[in-house]
Amino acid sequence: MNVTQQPDRSYAAWRRRLYRIIFEADTPAGKLFDVVLIVLILLSVVVICFESVIDKHEALYVRYRLPLLAIECAITFAFTIEYIARIVSVRRASRYVFSFFGVIDLLSILPTYIAFVAGGGNTLVVLRAIRLLRVFRVLKLVWLVGESNELSEAIWRARGKVLVFLIVVCISVTVSGAVMYELEKNQNAEQFSSIPESMYWAIVTMTTVGYGDLVPRTSAGKAFSALLILLGYSLIIVPTGFVSAEFVRTRQEKPVTTRVCGSCLTEGHDDDARYCKYCSQELV
């Protein structure tokens, strides 16, 4: 039984145009908007990083504090307008507000206002850098949008195998920590003073990081450490194999675009799609 979708009369034409500019990059206006947005994000991150530098130098602080503050205020005001425009342009504002990017967009402007009211730094504004993930749409790298969708789906399908793998790793770390504690507690008690301390060493060793802050002294401890390093190398490739196998199974054949559903905010619809494949709403 076919159900004909009725157009949403409450969704005015100006909201459709605003939505296409803000959420999509298939039009010159939309691409220009996102390019300007990315430039502002990068500028804001640079400003915040530079502020953390001048805080340690009184002369630089006196000289550059006000200009940097003015730039940060202007950028925050621009992002506030953009956030409001995104809420206005979507069909369901709550979907955007509580979405991943909606939360990130809000967190990117709140620290500045909190800093003005309560005082203190606003270094949390560097969360704006996460918004650079939109660069896939801005550069119109549609094939990367498709690849990212396939990768996320492959990771989700492999979640059970990955969970089992993590459980095995946790058990291995616990056992290895306990063994190393028993091997080193008599001759190296100042470093391997407890099982949790030894478990920390096991994690660092299995991930092949090797900070060097905890080092076994006994021959048995060194031998066990070598075995654990080899085990760590072999375990690194396991989750990669899980995801790779699922990735092959989820290859997409239809072309995708940067079109975003105005109702559920999902991305990566087919080129000829008229309705969202997730919520059945008409694509603008």
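Is Tyr96 buried or exposed? In this predicted model, Tyr96 has a relative accessibility of 1% and therefore counts as buried, the cut-off being under 20%.

**Aromatic pairs**

Searching the whole structure gives six aromatic pairs. One of them joins Tyr83 and Tyr96, with ring centres 5.8 Å apart and an angle of 50° between the planes, a tilted arrangement. This pair connects distant parts of the chain: Tyr83 belongs to helix H3 (residues 58–89) and Tyr96 to helix H4 (residues 93–97), with 13 residues separating them. Tyr83 has a relative accessible area of 10%, so this residue is buried as well. Another pair is formed by Phe100 and Phe101 in an edge-to-face arrangement, at 5.2 Å centre to centre and 75° between the planes.

| Pair | Centre to centre | Angle between planes | Class |
|---|---|---|---|
| Tyr83 and Tyr96 | 5.8 Å | 50° | tilted |
| Phe100 and Phe101 | 5.2 Å | 75° | edge-to-face |

Tyr83 and Tyr96 also belong to a cluster linked by ring pairs, together with Tyr19 and Phe23.

**Charges over rings**

Phe23, a member of that cluster, has Arg86 over its ring face, at 5.0 Å from the ring centre. A second case involves Trp156, where Arg159 lies over the face at 3.9 Å from the ring centre.

**Helix H2**

Helix H2 covers residues 28–54, which is 27 residues. From first to last C-alpha H2 reaches 39 Å, close to the expected 39 Å at 1.5 Å a residue. Its buried residues include Leu37, Ile38, Ile41, Val45, Val47, Ile48 and Ile54. Asp34, Ser44 and Glu51 are also among the buried residues of H2, as is Gly30.

**Helices H9 and H10**

Two packed helices are described by the angle between their axes and the distance between the axes. For helix H9 (residues 159–184) and helix H10 (residues 195–206), the axes come within 7 Å and cross at roughly 120°. H9 is therefore oblique to H10. The crossing of H9 past H10 is right-handed.

Where does Asn186 lie? Asn186 is in the loop between H9 and H10.

Terms used: Residues are numbered from 1 along each chain as its sequence is written. This is a predicted model: local features need pLDDT of at least 70, side-chain atom pairs count only at pLDDT 80 or more; totals for chains, interfaces and linings use all residues. Side-chain values use heavy atoms; hydrogens and water are left out. Helices (H or I, at least four residues) and strands (E, at least two) are DSSP runs, numbered from the N terminus. The expected span of a helix is 1.5 Å times one less than its number of residues. Buried means under 20% relative accessible area, exposed over 50%, partly exposed in between (1.4 Å probe, protein chains only). Rings of Phe, Tyr and Trp (its six-membered ring) pair if their centres lie within 6.5 Å; planes under 30 degrees apart count as stacked, over 60 as edge-to-face and the rest as tilted. A charge sits over a ring if NZ of Lys or CZ of Arg is within 6 Å of the ring centre and within 35 degrees of the ring normal. Axes are lines fitted to C-alpha atoms, for helices over the stretch in contact, and angles run from 0 to 180 degrees between N-to-C directions. Angles under 35 degrees count as roughly parallel, over 145 as roughly antiparallel, 65 to 115 as roughly perpendicular and the rest as oblique. A crossing is left-handed if the near helix is turned anticlockwise from the far one by less than a right angle, and right-handed if clockwise.
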